[in-house]
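Subject: A structure for you to explore

Hello,

Here is the structure I promised to pass on to you. Have a look around it first, and then read my notes below with the viewer open.

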Amino acid sequence: MRTYAPAATEVVLERLLEEPSLARAVTHHAHLPPREAVTAPFPTWLDRRIVQGLEERGITSLYSHQAEAVEAVHAGEDIVVVTPTASGKTLCYALPVLQALAEDPSARALFLFPTKALGQDQVAEFAGLAKASSLDVAAATYDGDTPAPIRSAIRTAGQVVVTNPDMLHSAILPHHTKWFQLFEQVQVIVIDELHTYRGVFGSHVANVIRRLLRLCAHYGSNPIIVCSSATIGNPAELAAQLTGRVPRLIDRNGAPAGARHVLLVDPPLLDPATGARGSALTHAERWALPFIRAGRQTIVFGRARVAVEIILTRLREALREHLGPRSRIRGYRGGYLPTERRAIERGLRDGEILGVVSTNALELGVDIGALDVAVLAGYPGSVAGTWQQLGRAGRRQEVSVGVLIASGSPVDQYVIHHPEFLLEGTPEEARIDPDNLHVLLAHLRCATFERPFEPAEVFGPGPVDDLLAFIGEEGHVRQSSDGRWYWSSENFPASEVSLRTAAPENVVIIDTTPDRPRVIGETDLFSAQVLVHTQAIYLHESQQYHVDKLDWGERKAYVRKVDVDYYTYANRAVTLKPLDVFATDDAPGGSRVHGEVMVASLVTLFKKLKFGTDENVGWGPIDLPELELQTTAYWLTCEDVIRPGRGVAGPAEPADLSSHTLAASAPSRLALGTADVLSSRHTAWRKDDLDVALLGAGRGIQAVAAVLLMCDPRDLGLVTQVRSPHSEAPTIYLYEAVPGGVGLAERLWKRHDELVAGARAMIEACGCDAGCPACTGPRLDPEVNGKALALRLLAQLTATGRRAAAPAAEAVPA
């Protein structure tokens, strides 16, 4: 017997909005009307067999962007196609490749996808289209899972080789002599999911493409490059940086779309004084559950692996209590085995799986069929990512629902109360730096190994003789009498370069519960320290496992099944040390600096938190090695608040706090600080108060930075020091959370005044009494007025003591 009944998506939404506790939390409800298709006939030059194959699959015409793309490729143009999720981008490159193979079976094509899963998914789609067209096409994936005998066949006979940048970098380019058929005959190179190639990963991939095109030229081929991307702010610029060519931009979407409801939800305040809010995870469950019970295929996105498992556990428990389709709810995230993920994708396409809870792993274009509802538990960190996730629903031209539920973080609160930022704002720009010296030198070594360099040969920004001479000092290359540069080391350079710059190793998770231990998942080294440390509760498909031992040296975590009412959360302590200064300048209250830093993170202890209430029921120590990250940072020093002989003092005018009752509400131990900031320009700081002020101001600046630069808040880390060993002054650091950085820190340094003024305005505008997660961060001590202290410090760091207006990200080019 079942107690759930099928219902239309809009009917379920109407019922939910009749529930007062849910309706009150909706800050904005947008209804996006349906969009009609704009079509075009098949090109006259398209092989009749391909046309018949398309018609057999129910495709009788092309969308306008597909027609424009295939005509451009047929004319020999490089292109970048930028249209929303489920708009049929695959045909933009599949049809030109099939046509090339129909005309010349010896032709070759290379498809690059950022993940193995996406590559396997797309090769199945391409092979199906080729079969329907009665074309005998050898298309195969070449990745780490490909068996050795099949690899040999793909090298010699593969007409369409589907791989990822990592395999191209380490297994194809260094062994190009085994791939001469591909390099001689390649006519089309496809780079899918272009928007994922950003930051350090994108910078590495741009150099891999340089190496690829260098070898193509050596073998006499000049392939057309087809890029496809989700909506980002600078697709043509990114494609040009990645490929070294200027592509034609195709961004007029002709695909139809059904009506879409987009709801922005802000969980209610539980305590106005502290700013504590209802949990985004709990509200995600409340919004998703009725749709699942009504038989509507639903996807719930969580921002972290633990969040995914918590939501999955709650949904399954709720469905078990009410005899719902509990077995048809699955989790999906990194760490699951490939076979598990393929089964979940297949179940979503077939309709067997009714609901899935996922990290952004399902943000990419893996085919998971037609979903009805997307619920986002927290702002994904970017406008582009938000629309990628919302776009997972509404693939059938039917009515769909997207729900974005805010957490208490400042950026989430900004987005949820400024719907125009999401609905009308420009998507973020994807930025890379392929000429970063560390990255360029690494790939120059790889390129020299693959083929000698001619004198004055250009690789990247210009001739590379000077760089090769520098590498030659290490003994890795040498210049012969004919002027050419040769690789002269026994090392295999590609094996020493990780494109994603994370540790290439993973920790394998082994379940020892059964008689024969089995591998149930894996995780990267950085995540392993917080997910599978000894005594952790590891959640996998909502099943709880106790980690009996993490063998760090062997990269293995041994777990066993348990049934407990808590999960674990590990604390990561971060320290920072400046290494070099690139630029510095005076600023109100101190100075602003851009430079290189070393960030060290150490996981020290974990807490046991009860499901449902998050009550702390215990803790334990963690003994694991420190991890280091060398990156770039922007920091502001507050040396002018230090006055000799009086401790720490402030020369700037006080903040205009007339709209707040801070002086009246401040505790007695802050009476001196609050009173004097309103009456004197030279108030002495207490050390503890300055510590709170730096952290609160830093969190405000961090939130404003994410909005100003339109970047993911997780791309920027925060460290504050009351007395920095580097400057001997109070300091706030914002560092880039990727090795080497991608230019965010430099942009922050240039926009210092906007950052400080924006942080001050944001904290002043917050309706809390003394600091909250939406402005200065959670209050660690109820007796400390963190808001007043942060505003006092920010007043000393602004050019004037007057109130500043918050900058609008849309109006200021990032």
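A cavity is a set of grid points where a 1.4 Å probe fits but cannot get out. Keep that in mind for the part on cavities. Please also remember that this is a predicted model.

**The whole chain**

The protein chain has 26 helices and 35 strands. Of its 814 residues, 56% count as buried. Take the contacts between residues at least 6 apart in sequence: 72% of them join residues at least 24 apart.

**The cavities**

How many cavities of 30 Å³ or more does the structure hold? There are 7 of them, and the largest cavity has a volume of about 90 Å³. Its lining is made up of Arg305, Val306, Glu309, Arg333, Val530, Leu531, Ile537, Tyr538, Leu539, Tyr567 and Thr568. Sorted by class, the lining has 7 nonpolar, 1 polar and 3 charged residues.

Glutamine 535 sits in the loop between H20 and E25. Its phi is positive, about 80 degrees, although glutamine 535 is not a glycine. Is this residue buried, exposed or partly exposed? Glutamine 535 counts as partly exposed because its relative accessible area is 38%, and that class lies between the cut-offs of 20% and 50%.

Arginine 555 also has a positive phi without being a glycine, with a value near 60 degrees. You will find arginine 555 in the loop between strand E26 (543–551) and strand E27 (556–562). Arginine 555 has 18% relative accessibility, so it counts as buried; the cut-off for buried is under 20%.

Strand E26 also holds glutamine 544, which is buried because its relative accessible area is 7%. A polar atom of the glutamine 544 side chain lies 2.7 Å from the backbone nitrogen of valine 564. Leaving out residues up to four places away in sequence, glutamine 544 touches Ile537, Tyr538 and Leu539, and its other contacts include Arg560, Val564, Tyr566 and Phe611.

**Strand E11 and its two partners**

Next, please go to strand E11, which covers residues 260–265. Which residues of E11 point one way, and which the other? Arg260, Val262 and Leu264 point one way, while His261, Leu263 and Val265 point the other way. All of these residues are buried, which is 6 of the 6 residues in the strand.

E11 pairs with strand E1 (residues 26–32) in the antiparallel sense, over 6 bridges. E11 also pairs with strand E18 (residues 400–405), in the parallel sense and over 6 bridges. Histidine 28 has leucine 264 as its bridge partner in E11, and leucine 264 in turn has leucine 404 as its bridge partner in E18.

**Asparagine 207**

Asparagine 207 belongs to helix H10 (residues 199–218). With 0% relative accessibility, asparagine 207 counts as buried. Its side chain makes a polar contact of 2.9 Å with the side chain of arginine 210. Beyond residues up to four places away in sequence, asparagine 207 touches Pro434, Val439, Leu440, His443 and Phe459. Its C-alpha atom is separated by 9.6 Å from that of glycine 244, which is 37 residues apart from it along the chain.

**Threonine 776**

My last stop is threonine 776, in the loop between helix H25 (752–765) and helix H26 (786–797). Why does threonine 776 count as buried? The reason is its relative accessibility of 6%, because buried means under 20%. Apart from neighbours within four places in sequence, threonine 776 is in contact with Leu695, Gly696, Arg699, Ile763, Gly771, Gly786, Lys787 and Ala790. For one of these, Arg699, there is also a C-alpha distance: threonine 776 and arginine 699 are 77 residues apart along the chain, and their C-alpha atoms are separated by 5.7 Å.

Enjoy exploring, and write to me whenever you like.

Best wishes

Technical notes: Residues numbered from 1 in each chain as written. Predicted model: local features only at pLDDT ≥ 70, side-chain atom pairs only at ≥ 80, totals over all residues. Heavy atoms only, no water. Helix = DSSP H or I, 4+ residues; strand = E, 2+ residues; numbered from the N terminus. Buried < 20%, exposed > 50% of the residue type's maximum accessible area, 1.4 Å probe, protein only. Contact = heavy atoms within 4.5 Å. Polar contact = N/O pair within 3.5 Å; in protein donor to acceptor, adjacent residues only side chain to side chain. 1 Å grid on protein atoms, 1.4 Å probe; cavity = no way out; pocket = protein on both sides within 12 Å on 5 of 7 lines; lining within 4 Å. Points joined across faces, edges and corners; volume = space filled by probe spheres on them. Nonpolar A, V, L, I, M, F, W, Y, C, P; charged D, E, K, R; others polar. Pairing = 2+ DSSP bridges.
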